[in-house]
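Below are my notes on this structure for someone who has not seen it before. They take one feature at a time, beginning at a turn.

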Amino acid sequence: MSLIEEALSAGDEQADACIKGYAFGDRFCAPGFCHATSNFLAGTFKGYFDSSDQLCLSTSYAFDNIPSDRVILQSFVDDYCLWWSDADHDCSLDVQERLPSAFRRRAMKRFQELNTMSAEEKGKKRCYMEHVSDVEKEDCQALHMRYDEKKDLAYFE
Ligand SMILES: [Zn+2]
């Protein structure tokens, strides 16, 4: 990773601040603030937490305080599944038990998807941005999340 990439990557503390900022913005009905926070994170988060303790704390806070249909939650799940390795310290049973149950359920679905998708399907980019308009969203070529409330799962179409 270059120094520029490192400087632009959101670390554990920045990711945690974005989660808390997003929850604050949502609580006080400030969608523009939520969009900005979520989009900053989508553009800069390096895809994993350095500290497994911070991973558990931040994702627990996020799943407790951010509505389930928000793409910011799925971005943490998808990043975790992309970077997870059984050789990683984050693989420990203790860490997995401390992750929110909704996070673990979504991770199971994501691992199942990755296990059954074709190479072409895996190559389709997922969008984790909160577009401010339908026009902006239509201009984006990536797949966008649809949240199924009954299943409490996210689907990208
Ligand atoms: Zn998009």
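How many residues lie between E1 and E2 in the hairpin, and which residue in the turn has a positive phi?

1. This is a predicted model. The hairpin of E1 and E2 has four residues between its strands. In the turn, Asp152 has a positive phi of about 55°.

2. Two of the pairings can be named here. Arg146 has Tyr155 in E2 as its bridge partner, and Asp148 is placed opposite Leu153 in E2.

3. Now the protein as a whole. It contains nine helices and two strands. Along the sequence the order is α-α-α-α-α-α-α-α-α-β-β. The radius of gyration is 15 Å, close to the 15 Å given by the globule rule for 157 residues, so the protein is as compact as a globular protein of that length. Along the principal axes, its C-alpha atoms fill a box of roughly 45 × 40 × 35 Å.

4. Two helix pairs deserve a look. Two packed helices are described by the angle between their axes and the distance between the axes. For helix H2 (residues 12–27) and helix H3 (residues 31–44), the angle is about 160° and the axes are 8 Å apart. Angles over 145 degrees count as roughly antiparallel, and H2 and H3 are therefore roughly antiparallel to each other. Their crossing is left-handed.

5. On the H2 side of this contact are Ala15, Cys18, Gly21, Tyr22, Gly25 and Asp26; on the H3 side are Phe33, Cys34, Thr37, Ser38, Phe40 and Leu41. By class, the contact of H2 with H3 comprises seven nonpolar residues, four polar and one charged.

6. In the other pair, the axes of helix H5 (residues 71–83) and helix H7 (residues 101–116) come within 9 Å of each other and cross at roughly 55°. H5 and H7 are therefore oblique to each other. The crossing of H5 and H7 is right-handed.

7. Which residues of H5 and H7 meet? From H5 they are Gln74, Val77, Asp78, Tyr80 and Cys81, and from H7 they are Phe103, Arg106, Ala107, Arg110, Phe111 and Leu114. The contact of H5 with H7 has seven nonpolar residues, one polar and three charged.

Terms used:
Residues are numbered from 1 along each chain as its sequence is written. This is a predicted model: local features need pLDDT of at least 70, side-chain atom pairs count only at pLDDT 80 or more; totals for chains, interfaces and linings use all residues. Axes are lines fitted to C-alpha atoms, for helices over the stretch in contact, and angles run from 0 to 180 degrees between N-to-C directions. Angles under 35 degrees count as roughly parallel, over 145 as roughly antiparallel, 65 to 115 as roughly perpendicular and the rest as oblique. A crossing is left-handed if the near helix is turned anticlockwise from the far one by less than a right angle, and right-handed if clockwise. Two residues are in contact if their C-beta atoms, placed from the backbone, lie within 7 Å. Ala, Val, Leu, Ile, Met, Phe, Trp, Tyr, Cys and Pro count as nonpolar, Asp, Glu, Lys and Arg as charged, and the others, Gly among them, as polar. Two strands pair if DSSP finds at least two bridges between them. The radius of gyration is taken over C-alpha atoms; the globule rule is 2.2 Å times the number of residues to the power 0.38.
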